[in-house]
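Please open the structure in your viewer and keep the selection panel at hand.

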Amino acid sequence: MAEPKTKTLFISDLHLGEKTPELNQAFMAFLEEQSRQSETIDALYILGDFFVYWLGDDCILPLHQQLAKQLHAFAQHTPIYFMHGNRDYLVNEPFCKQAGMTLLNEYQVIDFYGTPTLLLHGDSLCTLDEGYQKLRRFLRHPITLWLASALPASFKNGIAKKLSRDDHEPIDYTQVDKPEWDVVESTVRETFRFFHVQHMIHGHTHRPAHHQYTTDQHTLNRYVLGDWGHKNSIWWLELHSDGRFQTVTKKLAA
């Protein structure tokens, strides 16, 4: 008799690209490792910024093809769900289908083992950064998304080459004194109230942690995913069927 599924996995902020060979290899190894445990894994959730940038499903690079092939193979035994981040919000259904992934909404409430849990990338919680929030609304507007999809692939590939030349190491947000780059507690509490949940999982801030908030009726739990490469490590969160959350870290191979 097959073992019962006992856990769900969450990752975000891998920032994979042509200039991150160590992280690309680490993700392939992660999939291989989890494949050996597939009989106990219910699903894998990727909560945004999987790629360092994404200019459209018509600008797929060889690396993207390789990742799609590996993801699709993994999805044959474990469902994969993908949520947009601020770097890869142009990922669309064609690539998700190629990679065997199901595209999630910007905010997604899912019942995990009897507990409704809100999933989001996390950038919408950083409301002190008013300039970014205005840019975010513009970039996510349907007209802007349509214009981006209508640009010729050759033009967008030119942008990709420039981004590749100009790309830099991900910012270590924990070492930068910019409060606007972190979530706003009042926004977090409003989001808990709006969605009527007691658990929230997100990435984006590069500050992996477990935060608790007390109310008159409940204890609220916010789990922040770690960004890959920080402290030369990879990170993922496991939610077990008994309700237990566990953050797992592993050092990148030398």
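A nonpolar core is here a set of buried Ala, Val, Leu, Ile, Met, Phe, Trp, Tyr and Cys residues joined through side-chain atoms within 4.5 Å, where buried means under 20% relative accessible area, exposed means over 50%, and partly exposed covers what lies in between (1.4 Å probe, protein chains only). The model is a predicted one, in which local features need pLDDT of at least 70 and side-chain atom pairs count only at pLDDT 80 or more, while totals for chains, interfaces and linings use all residues. Residues are numbered from 1 along each chain as its sequence is written, and side-chain values use heavy atoms, with hydrogens and water left out.

**The core**

Begin by selecting Phe27, Phe50 and Trp228, which, of the 38 residues in the largest nonpolar core, touch the most other members. To see where this core comes from, colour β1 (7-11), α1, β2, α2, β3 (80-83), α3 and β10 (233-240), each of which supplies at least two of its residues; helices (H or I, at least four residues) and strands (E, at least two) are DSSP runs, numbered from the N terminus.

Now centre on Phe27 and, leaving aside its neighbours within four places in sequence, show its contacts (heavy atoms within 4.5 Å). These are Ile11, Leu14, Leu16, Phe50, Leu67, Leu71 and Trp228. Apart from this core lies another, of 15 residues, including Tyr45, Leu47, Ile201 and Tyr223.

Not counting residues up to four places away in sequence, Ile11 touches Phe27, Phe30, Leu44, Tyr45, Ile46, Leu47, Leu225, Trp228, Trp235 and Trp236.

**Aromatic rings**

A pair of aromatic rings is described by the distance of the centres and the angle of the planes. Rings of Phe, Tyr and Trp (its six-membered ring) pair if their centres lie within 6.5 Å, and planes under 30 degrees apart count as stacked, those over 60 as edge-to-face and the rest as tilted. A search of the whole structure finds 17 aromatic pairs. Select Trp54 and Phe95, whose ring centres are 4.7 Å apart and whose planes stand at 55°, so the pair is tilted. Trp54 sits in the loop between β2 (41-47) and α2 (62-75), whereas Phe95 belongs to helix α3 (residues 93-99), so that the pair links distant parts of the chain, 41 residues apart. Trp54 is buried at 4% relative accessibility, and Phe95 is buried at 0%.

For a second pair, go to Phe194 and Phe195, where the centres are 5.0 Å apart and the planes at 75°, so the pair is edge-to-face. Phe194 counts as exposed at 62% relative accessibility, whereas Phe195 is partly exposed at 22%. Then select Phe27, Phe30, Phe50, Phe51, Trp54, Phe95, Trp228 and Trp236 together, which ring pairs link into a cluster.

**Salt bridges**

How many salt bridges does a search of the whole structure find? There are eight, a salt bridge being a side-chain nitrogen of Lys or Arg within 4 Å of a carboxyl oxygen of Asp or Glu.

Select Glu33 and Lys250, whose side chains meet in a salt bridge at 2.9 Å, N to O. Glu33 is in helix α1 (residues 21-35) and Lys250 in strand β11 (residues 245-251), 217 residues apart. Lys250 counts as partly exposed, at 36% relative accessibility.

Continue to Arg222 and Glu185, which form a salt bridge with the closest N and O atoms 3.7 Å apart. Arg222 lies in strand β9 (residues 219-224) and Glu185 in helix α7, so the pair ties together parts that are 37 residues apart in sequence. Arg222 is buried at 2% relative accessible area, while Glu185 is partly exposed at 38%. Finally, select Glu106, Asp123 and Arg136, which are linked in a network of salt bridges.

**A surface stop**

End at Trp146, which lies in helix α5 (residues 142-150) and counts as exposed at 55% relative accessibility. With Ile143 and Leu147, Trp146 forms a nonpolar patch on the surface, the three having about 360 Å² of accessible area together. Patches are made of residues with over 30% relative accessible area and no salt bridge, like charges being joined within 9 Å and nonpolar side chains (Val, Leu, Ile, Met, Phe, Trp, Tyr) within 5 Å. Accessible areas come from the Shrake-Rupley method with a 1.4 Å probe, and for residues only the protein chains shown count as cover.
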